[in-house]
Amino acid sequence: MMRAKQKPKPNAPPRPLFSCGFFRRCTQSVLSPTSPHQQPRRKPNTATTSSSSSSSTSTSQSFTQWRFPHHLDQTPSTAPPPPAPARPPPLPVATTLQETYQIAELHLASVSESDKLLALQLLERVVVPDPPSDPTCPPGLMRGLVSCLRSNRIVTAKYVTKILLALCLAECNRRVAVEAGAARAMVETAAGLENSAVERALAALELMCTTAEGAAEVRAHAMTVPAMVAVMARLAGRGREYAISILAVVYGRGGAFSGEEITVAPAEEVARAVALALEGECTARGRRKGAHLLKTLEEYGRLDLSRNGT
C-alpha cells in the first residue's frame, strides 16, 4: 500500500533567536532575514523645503533686481533733517539809554550779522517809540548805523532808517550823523531803497540839512540832484515833499546860485522834473516848496518857464 503523498508544509517562520519580546520585535521588524529590507518613510521637512524654496526665490529676485533695477522697487532714503540753527544769545538788559547805546555799539561792531540785527531791534524798541533828546548818540554807534545802511540789505535798511529818523529828531544828533557820513550814505543809497525806507531816509536827510554841515554835504555831493529827481518821480505824498525840500537846499540860498563852485544838473531839467512832480500826488507843504523852487530856478537860472511849457 502506497503511502499517500503528503502536501508540503508551508515554511514556518523561523524561530526567534531570542525569547525576549523587545529583541524579538527588533529581529522581526529590522533584523529578520526573511523580512524585506524596507526603509521607513520619512516625512519631508517642510521647514527645510520652504526655507530652501524661499532662499532660492529670494536669490532669484535679488539677482533679478540687481540685473534690472526699477525705480519703484527702491525705497527713497530719507536723510535726517539738518539741525536747527543756533539762536543767538539775548542781549543783556539795559536800565538806561546810555547802557542801551553801549550794548548796541558793541554788537554793531561785531562781524556776526545776527548780532547786528539784534542791536538794531534793540534800538528800534527803545528809540523809535519815544525819540530821546538826551543823551547824545555816541559817534561810534552812529558810524555803525551808517555802515549797516551801506550794506544794501532790505531788512537792515528798514531798521536803520527808522532809528536814524528818530535820532535826528533831536538837534544834538544831527551834527553827529553828518560827521559819521549819514548824509552821504543816504544820498548814495536812496535809489536802491524801498519806498517806505527811502521816505524815512529823506525825512532824516532833510533834518540833517538844517545844520550848516549837512547842507554843505548835500550840496557838494554830485549825486544829490540826480538821486532826488529819480526818487521824486517814483514816490508820492511825503516822499515827494522831502525830495523837493532837499532840491530846494541845493538850489536855494547858499546853494547853486550863490556863486559857489557846485556841480549840479541843469536848472531847466530840474524845473521840468519838479513841475511834473507837482502835477501828481503831493502834500500841501510839498506844493509850496515846489512852487518856491520853480520861482528860484526861473529867477536865478534865467529861465522862462512859461515859454518852455512848465
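Glu-217 comes out as partly exposed, at 25% relative accessibility (buried is under 20% relative accessible area, exposed over 50%, partly exposed in between, with a 1.4 Å probe and protein chains only). The side chain of Glu-217 meets that of Arg-184 in a salt bridge, 3.5 Å from N to O; the term calls for a side-chain nitrogen of Lys or Arg within 4 Å of a carboxyl oxygen of Asp or Glu. Arg-184 sits in helix H8 and Glu-217 in helix H10, so the pair ties together parts 33 residues apart in sequence. Helices here are DSSP runs (H or I, at least four residues), numbered from the N terminus.

Arg-184 is partly exposed too, at 34%.

## About the model

This is a predicted model: local features need pLDDT of at least 70, side-chain atom pairs count only at pLDDT 80 or more, and totals for chains, interfaces and linings use all residues. Residues are numbered from 1 along each chain as its sequence is written, and side-chain values use heavy atoms, leaving out hydrogens and water.

## A helix tucked inside

How many residues of helix H5 (residues 139–149) are buried? Eight of the eleven, so the rest of the structure largely encloses this helix. Among them are Gly-140, Met-142 and Leu-145.

Leu-145 touches Leu-108, Val-160 and Ile-163, among others, not counting residues up to four places away in sequence (contact means heavy atoms within 4.5 Å).

Conventions: Helix = DSSP H or I, 4+ residues; strand = E, 2+ residues; numbered from the N terminus.
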